[in-house]
Amino acid sequence: MDKLFSEVAVLGASGVLLCAILLVWRHHIDGYITAFKWQSNVLAALTAAVAYFGDDRDLYWVAALMVAVKGVAIPRLLTRLAARVGQHRESSPLVSTAASLVICGLLILLAYTAARPLQAMAAAPTHGGIPLAIGLMFVSLFVIVSSKKAISQVIGFLMLENAIALLAVLATYGVPLVVELGVFLDALMGFLVMQIVLYDIHDTFNTLDVDALSRLKH
Amino acid sequence: MFNTLGVVVEIAQALLALAVAPLLVGLIRWVKARLQNRRGAPVWQPYAELRKLFGKDTIVSSNASWIFRAAPFVVFGSTVVVALLVPVFVTPLPFNQVADLFALVYLLLLGTFALALGGLDPGSAFGGMGASREMTIASLSEPAIALAMLSLALGAGSTNLGEIAARTIAHPTDALSPGHILAFAALFIVMLAETGRLPVDNPATHLELTMIHEAMVLEYSGPALALVEWASWLKLTVFLTLAANLFVPWGLATSLAAGAIAMAVAATVAKLVVLAIGLAVFETRVAKLRLFRVPELLAVSFVLGLLAVTSSFSLR
Amino acid sequence: MDTLLLWALAGPFAISAALAAAGVGDHRVVGWIGAVGRAIAVAAAAGFWMRAMGGAWPAPDANGLFRVDALSALVAGCVALVGAMSMTLGPGGLWAEGDSPAARRTFQAYGNLFVLAMLLAVTVNNVALMWVAVEATTITSALLVPLHRSKASVEASWKYLLIGSVGIALAFAGTVLAYFDLVTITGQRQAPATWALLMHAAPTLDPGLLRLAFVFLLVGYGTKAGLAPMHTWLPDAHSEAPAPLSAMMSGVLLAVAQYAILRWKAVVDLSPGGAAFTSQVLLAVGLLSVAVGALSLVRQQSYKRLLAYSSVEHSGLVCLGLAFGPAGVFASVLHMMNHALAKSASFLLSGRILSRYGTTDVSGVTGLARTMPATGALFAVGVLALMGLPPFGLFVSEFLLFRAGFLSGHIWETAAALALAGIGFVGLASHAMGMLCGAGPAGVEVGERGRWALTPIVACALALIALGLMLPQFVGSLIGRIVEGMAA
Amino acid sequence: MTAAFALPLFWLMVAGYAIASAGLVMPTRRLVRMAVAIGSVAGGAGGLALACLVLWTDASLTIEAPAVLAAAGGWLVHLDRLGALFLALVSGVAIPVGLYAIAYMRSYEGRYSTRWMAFTFGAFLLSMSLVTVAANAVTFLLCWELMAVSSFFLVVTEHDRQASVDAGLWYLAMTHAGLLALMAAFFLLGSGSADGSGATFAALRSSAGLLPSETRAAIFLLALLGCGSKAGMVPFHVWLPRAHPAAPSHVSALMSAVMVKLGIYGLLRIGLDLLGGGPAWWGTLLIILGAASALTGVLYALVADDLKELLAYSTVENVGLVLLGVGAGFLFLSLGQPEAAMLALSAALLHLINHAAFKGALFLSAGSIVHATGTRDINLLGGLITRMPWTATTLLAGSMSIAALPPLNGFVSEWLLFQSFLPGVASSRASIAGLLTLGVGALALTGGLAAATFVKAFGVTCLAIPRSPGAAHAHESPGPMLAGMALLAAACPLLALATIPTLTTITGALAGVAGLPSIAPALHVGVTLRTPTGMATMSPVAVAMVLVAVVAGTWIVLRLIARRPVHVGDTWGCGRIGQSPRMEYTSTAFAEPLRRVFDQLYRPVDDTAVGVVRPESPYYIESMTYQTTIHPWFQRVLYEPVVQGVERVATWTRALQSGSVNAYVGYIVFVLVILLAWVIGF
């Protein structure tokens with residue numbers, strides 16, 4: 001049973017990470033959104049699996065919320081936003097796609113090293129996925145650093161949140177429900193505020209290119 | 001010796017210095033004239049000058065203030081006080097306890113200060129020029145004097161003028177020690193600068209580009225001028241006496257016995273005459289230096305003083 | 001009683017926010033209601049303060065939603081005071097003029113929520129809920145930065161939002177890691193991660209994992225605390241935000257983030273070898289912050305950014321102090337409090353200056369002492385206090401901080417911090433003098449207006465002097481309790 | 001019995017200065033001025049009485065308030081004799097300066113806030129007084145910096161003048177650097193005691209001996225930086241010639257006469273009292289820095305055309321002289337010659353007190369001149385002695401004292417300084433003897449140049465004919481100002497006459513500090529000063545009497561024998577009638593010969609430009625301008641590289657805030673990666 005659980009956990013985590021790699025490989029904002037949507041859904045599925053194997057009812061609610069918020073609501077809002085602002089392409093990213101992929105690989109390697117103390121205490125069957133979660137964090141951070149569009153940075157940030165949610169699910173079978181609810185509220189509110197600011201940026205600068213946002217210096 | 005008699009003797013020798021000063025200057029002028037193939041004025045000519053000046057009216061510039069009038073008294077007074085300190089024929093003196101070598105330097109500086117202010121007061125360019133130059137030379141000669149005196153004080157273990165003289169009398173060979181000789185040389189150069197002799201200043205000229213002391217006193221007339229001139233002669237006398245009696249105090253009386261004093265007076269007069277003639281010869285031999293070469297001369301004096309001190313403590 | 005205090009503390013801000021959100025915020029009477037309410041909140045904070053001297057409430061083993069100990073009471077007091085002051089002086093408060101009704105409502109709605117989030121962050125018992133509250137501070141304040149819509153303020157708000165969110169997400173990762181440790185060790189799934197439980201379990205937790213967690217937490221909360229090089233949002237947001245918001249962000253938001261760092265440091269310190277690790281990391285980050293803050297002051301052109309960078313510097317100092325043992329913690333907490341007072345007052349004054357001169361350029365502001373005598377004098381007081389000069393509180397806290405550094409054996413680090421603080425001093429002084437002195441530019445009105453609005457700032461100045469010359473007993477003993485609490 | 005008065009007197013002092021500060025809330029300007037005057041006189045009287053009580057009886061004063069500022073060690077006040085000596089100095093100068101301020105502050109009314117001036121003035125006096133009574137690190141540093149802050153505000157009183165602002169900034173920066181150094185010094189001192197946090201002077205004193213010698217050296221150097229920058233010691237003096245002229249004159253007087261002395265106090269307190277002296281190089285360093293300060297100060301004073309700047313540089317000079325004595329004291333102490341050390345330190349402190357009198361008088365006189373003429377430029381003054389006879393007289397008294405002319409007080413202390421060097425030259429190792437010999441040379445050169453400087457300062461300012469309308473229309477200052485000036489000027493001869501009691505008080509204050517003899521050796525026989533080695537004797541009273549008698553006697557005799565009339569006429573102008581001010585020697589002209597002599601040091605920038613040339617011939621020049629400026633090179637050589645270095649690093653730091661949000665997030669990732677690597681390796 002535990003072995004199966006463990007395999008499912010690692011598989012799920014790998015799926016989540018794979019979606020991130022997929023995102024790095026894509027160029028279109030739509031592709032980003034799709035990748036993020038699938039990532040959230042895979043994460044939700046994994047959460048449900050953990051709920052099932054770990055026998056934790058609260059986690060089902062978390063999984064459901066995840067699908068609702070990150071799998072459905074946010075991708076839709078993002079799509080609308082992308083359509084409104086007319087930005088479809090992550091034009092000329094700071095780092096070429098090939099190099100990005102290589103860097104992501106390296107970051108995941110670093111994550112494995114960094115997660116050594118965690119693995120040392122691998123008591124729960126899900127712990128095999130923890131390095132993947134940390135790797136996902138780094139990949140998300142990399143996406144934020146290398147994007148030239150504010151909207152892709154938002155997606156990178158959402159992915160970072162997914163990474164942490166993945167970490168929470170794998171490491172501790174989620175945090176207590178009241179916290180989880182707070183986190184979801186924050187995530188949703190945070191996204192909404194980001195969306196408002198993105199509209200503001202588009203209204204004032206006529207673009208979502210972050211290069212335009214470099215007037216404040218020194 | 002710190003009794004009334006001592007004080008009387010002290011005052012007497014200061015008065016003697018005061019009385020002898022014009023004669024000494026007259027002697028120097030006469031010797032210089034002779035060396036320059038002139039007949040020269042008689043040696044008592046300075047007395048006549050003084051008498052004439054004391055009998056004249058005073059003209060004071062309308063710009064001048066009380067400083068101008070007070071300065072000659074301060075100059076004269078401070079120089080007389082210095083004369084009180086110097087062992088002319090007896091040593092030690094009561095006043096030696098009251099002021100020492102360093103005090104002597106500052107007393108002389110008081111005179112210079114007062115005279116410089118007196119020079120500035122009428123507001124003429126000459127007075128300002130003289131004051132400026134006089135202060136330049138006075139300030140630059142200070143370190144040399146200080147070191148020369150330090151060397152003397154080190155030799156004697158005291159800065160008391162009387163004791164320095166007494167010590168050299170007690171150890172006559174000290175007068176020929178290198179420290180002593182170097183200090184003498186340093187003091188001699190300083191003396192030339194302080195008393196306005198060649199090659200630093202020419203007391204016989206009124207050429208505006210070169211004069212220092214004369215420029216400063218240009219506005220003075222009558223009794224005031226007499227005081228200033230007399231003070232400057234006294235200053236020269238004091239310096240010569242210092243040179244004579246601090247470095248070669250042989251013959252100086254150490255008691256108030258009449259015989260000793262008589263011999264001491266004779267010795268001092270002889271030494272002063274020798275020094276005066278020497279000074280006249282020296283002045284005739286050298287040309288006046290440009291003002292901006294004077295600091296170099298004083299630097300030489302400073303170095304001599306430094307060497308004097310060094311040899312004083314290295315030979316000890 | 002304590003619950004009542006809690007309600008009295010948070011209630012007024014909640015009510016003001018609700019009123020503003022309901023659209024009735026823009027009314028003189030409502031302004032007065034808000035002001036009175038905030039006064040009550042400040043009184044409640046003082047009540048907590050008194051209460052906390054007797055010990056934490058409730059008892060350490062309880063698992064209630066809230067727990068107020070000395071540290072919470074102190075930071076909550078600062079938040080309530082600065083929050084009350086800024087909300088009263090800000091748009092929609094009592095004296096502010098010249099903002100559109102919509103701006104006033106927005107400011108009152110989000111501003112009060114912002115204060116509420118900060119209060120929640122320092123009183124909540126659960127580490128993860130604290131995180132939720134800190135995240136909420138970003139969300140509520142980011143929308144206020146572009147209150148006066150301009151390109152620069154929109155840009156600043158984006159940077160603030162993105163960097164703040166990324167940082168705070170990392171803090172959550174750290175929280176999860178520590179929680180993971182706790183759950184694994186205690187075997188108690190769904191254990192409520194309260195501070196008391198964490199402190200209790202800390203000695204048995206895995207030191208390696210705890211350090212890993214601390215790295216994430218420090219980077220995360222350090223971003224909010226304006227520690228270099230995660231501080232980049234700070235000068236932008238502080239300089240572009242409306243002055244009252246800058247006052248709150250610089251004055252107390254940083255303190256809230258420092259509160260979180262301090263709490264976590266206390267936990268990690270209890271694990272074997274933890275104290276050495278935290279103090280090294282804090283030293284490195286703190287020194288870097290002092291350096292970046294101080295050096296950025298030297299050639300700064302905007303006075304609001306000047307104040308912002310000074311915040312980075314002071315945040316770095318607080319961080320350094322945490323590395324200097326118990327005496328350093330004492331100094332840091334005191335410094336945090338002093339800085340809250342001085343910096344919020346200075347930022348509020350910068351708002352007055354901006355509205356008179358119409359520019360944030362240092363070179364555009366001259367003759368402040370002539371054109372606005374009272375504002376100028378108080379601004380001078382604020383800047384002098386920030387420069388760490390007596391008779392103001394920051395002198396004493398810096399004195400204690402540096403002394404702790406020397407006595408804890410960190411001589412070279414402290415000496416470096418001293419030198420850097422000296423550079424910052426000159427940087428701040430030269431710009432402030434350029435502003436205060438000289439003749440005012442043509443076309444700028446001469447004479448003070450709205451003197452009453454200065455009363456809270458005068459109170460701040462007096463409080464700073466009291467802290468600087470006397471350091472009253474109740475402050476000292478409260479901070480003493482905080483230091484004791486760290487070791488427990 | 002007498003000890004019971006100490007506490008009330010202390011509170012009288014505090015209350016007095018508080019009254020001065022209360023000028024802030026006085027309703028009328030007149031009341032503001034009255035508050036300042038009454039407050040400073042009352043406070044000064046209280047402080048002076050308290051200081052005398054401690055100096056002359058067994059009384060001491062201790063006030064503890066451990067609960068106030070408890071965390072930092074609490075307020076701790078303890079007045080011992082060393083402190084009392086300096087308290088007497090502060091209080092003694094406060095009284096005349098307070099009187100002076102009644103009238104002087106009037107010239108600021110309407111232009112600047114005299115209320116604020118009153119407030120900071122009271123705070124300045126109080127903090128200076130408290131520095132001398134502080135008995136633990138926090139009290140000392142707090143008062144020390146309060147003193148700096150309050151005086152800073154006074155320096156920038158004329159806040160709309162760029163020169164004042166620049167001066168204020170230099171002052172603030174230097175004084176703060178000094179504070180940081182002092183802070184570090186105290187913390188290092190405290191690191192030796194078991195409870196370093198308390199850091200009372202008593203605890204520090206007892207634990208300082210146990211510190212390793214490197215730490216002691218570091219403490220000494222830090223204290224030297226901290227106190228030296230306050231005292232205006234070269235090379236930390238750069239603020240002084242800017243700040244002192246910029247401040248209102250009564251404040252300049254206080255700063256120059258008193259505040260810089262507290263730098264010396266700090267040095268004595270830390271270096272001598274707490275550390276108990278050190279190896280020979282401490283004294284050597286002090287002597288070298290003292291000589292450098294003395295010479296630098298006087299050389300720049302000489303060429304200064306601004307009267308107050310001249311006085312400020314002369315303060316640097318005199319601090320240098322004091323440091324020479326202090327350095328000799330340290331040196332002799334390390335060589336095991338406590339009696340010689342006592343002589344040197346006493347000479348230094350005597351000079352310090354004397355300097356307070358004459359520099360106070362000089363600055364107040366300068367203030368009076370500025371008040372009357374509106375300019376500080378000596379080149380534009382002249383002829384004031386007929387227009388402002390009293391001011392000119394006090395200026396003269398101060399000038400003569402500072403030029404060390406007998407029979408005034410400057411002469412006595414400089415004489416004693418000379419004497420204090422002699423035992424060292426006579427009885428030490430060759431290296432030390434050589435050093436001290438050069439010290440004597442420096443002392444002498446300084447004395448000579450100071451005389452030249454003050455001939456200029458007095459002569460060119462007050463004598464001859466005015467060179468500007470301002471000077472021509474000058475009027476004598478009002479009574480209170482004259483009273484303040486007169487008090488300080490009168491102190492110059494009086495202190496000379498009272499040398500013996502003053503010196504006895506000083507030796508009493510120094511007795512038992514560090515390794516100095518606990519029973520002060522008598523430095524006098526009757527009214528005659530006598531150095532312990534018996535090398536020299538001198539009686540200021542007798543010199544004064546003889547000098548006055550001879551001068552007066554000459555005058556009387558001359559009145560008797562030469563009763564010729566006095567005519568008033570034009571100054572001789574080589575035949576030209578009608579002398580104009582343009583023919584006079586100016587300040588610049590007066591200093592020209594010495595400026596050329598020390599060309600290598602001044603490195604002046606000369607600029608001669610031919611103005612109008614007649615068309616007839618290029619040699620027929622109608623006008624010509626000559627300009628010379630001296631930029632003190634200390635700033636260029638020592639400070640500008642530091643400033644430029646900091647600015648360069650600051651510019652690099654600016655690059656950090658590049659504006660790119662990608663970079664910003666990148667920094668976070670970078671730090672995270674670095675720290676994670678650290679954890680893994682930890």
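Two residues are in contact if their C-beta atoms, placed from the backbone, lie within 7 Å. By that test chain A and chain B do not touch. Their nearest C-alpha atoms are 55 Å apart. Chain B and chain C do not touch either, with 40 Å between their nearest C-alpha atoms.

This is a predicted model. It scores ipTM 0.92 and pTM 0.94. Chain C averages a pLDDT of 90, and 96% of its residues score at least 70. Where pLDDT is low, the predicted coordinates should not be read in detail.

**Chains B and C**

Chain B holds 11 helices and one strand. Read from the N terminus, its elements run α-α-β-α-α-α-α-α-α-α-α-α. The radius of gyration of chain B is 19 Å, close to the 20 Å that the globule rule gives for 316 residues, so chain B is as compact as a globular protein of that length.

Chain C has 19 helices and zero strands.

| Chain | Property | Value |
|---|---|---|
| Chain B | Span of the C-alpha trace along the principal axes | about 55 × 40 × 40 Å |
| Chain C | Box filled by the C-alpha atoms along the principal axes | roughly 70 × 55 × 45 Å |
| Chain B | Buried share of the 316 residues | 64% |
| Chain C | Buried share of the 488 residues | 72% |
| Chain B | Share of contacts with a separation of 6 or more that join residues 24 or more positions apart | 81% |
| Chain C | Share of contacts between residues at least 6 apart that join residues at least 24 apart | 80% |

**A helix pair in chain C**

Two packed helices are described by the angle between their axes and the distance between the axes. In chain C, helix H10 (residues 243–269) packs with helix H11 (residues 274–298): the axes come within 7 Å and cross at roughly 145°. H10(C) brings C:Lys265, C:Val268 and C:Asp269 to the contact. H11(C) answers with C:Gly274, C:Ala275 and C:Thr278. By class, the residues of this contact are two nonpolar, two polar and two charged.

**The contact between chains B and D**

Four pairs of chains touch, and the most contacts among them are between chains B and D. Chain D puts 68 residues into this contact and chain B puts in 73. Several elements of chain D give two or more residues to the side that touches chain B. The helices are H14 (384–387), H16 (409–427), H17 (430–462), H21 (540–561) and H22 (587–597) of chain D. The strands are S5 (537–538) and S6 (566–569) of chain D. H17(D) gives the most, with 16 residues. By class, the side of chain D that touches chain B has 49 nonpolar, 15 polar and four charged residues.

Strands also pair across the two chains. Strand S1 (residues 58–61) of chain B and S6(D) run in the parallel sense and share four bridges. Within this pairing, B:Ile59 has D:His567 of S6(D) as its bridge partner.

**The contact between chains A and D**

Chain D also meets chain A. Here 16 residues of chain A are in contact with 13 residues of chain D. On the chain A side, helix H4 (97–114) and helix H6 (130–146) each supply at least two residues. The largest share, four residues, comes from H6(A). The chain A side that touches chain D divides into nine nonpolar, four polar and three charged residues.

**D:Asp305**

One residue within chain D gets a separate look. D:Asp305 is found in the loop between helix H11 (280–303) and helix H12 (307–334) of chain D. It has 19 C-beta neighbours inside 10 Å, so D:Asp305 counts as partly exposed; a buried residue has 20 or more.

Which residues does D:Asp305 contact, leaving aside its neighbours within four places in sequence? They are D:Asp377, D:Ile378, D:Asn379, D:Ser587 and D:Thr588. D:Asn379 lies 74 residues from D:Asp305 along the chain, yet their C-alpha atoms are separated by 6.7 Å.

Notes. Residues numbered from 1 in each chain as written. Chains lettered and ligands numbered in written order. Predicted model: local features only at pLDDT ≥ 70, side-chain atom pairs only at ≥ 80, totals over all residues. Nonpolar A, V, L, I, M, F, W, Y, C, P; charged D, E, K, R; others polar. Rg over C-alpha atoms; globule rule 2.2 N^0.38 Å. Buried ≥ 20, exposed ≤ 12 C-beta atoms within 10 Å, placed from the backbone. Pairing = 2+ DSSP bridges. pLDDT = per-residue confidence, 0-100. Axes fitted to C-alpha atoms, helices over the stretch in contact; angles between N-to-C directions.
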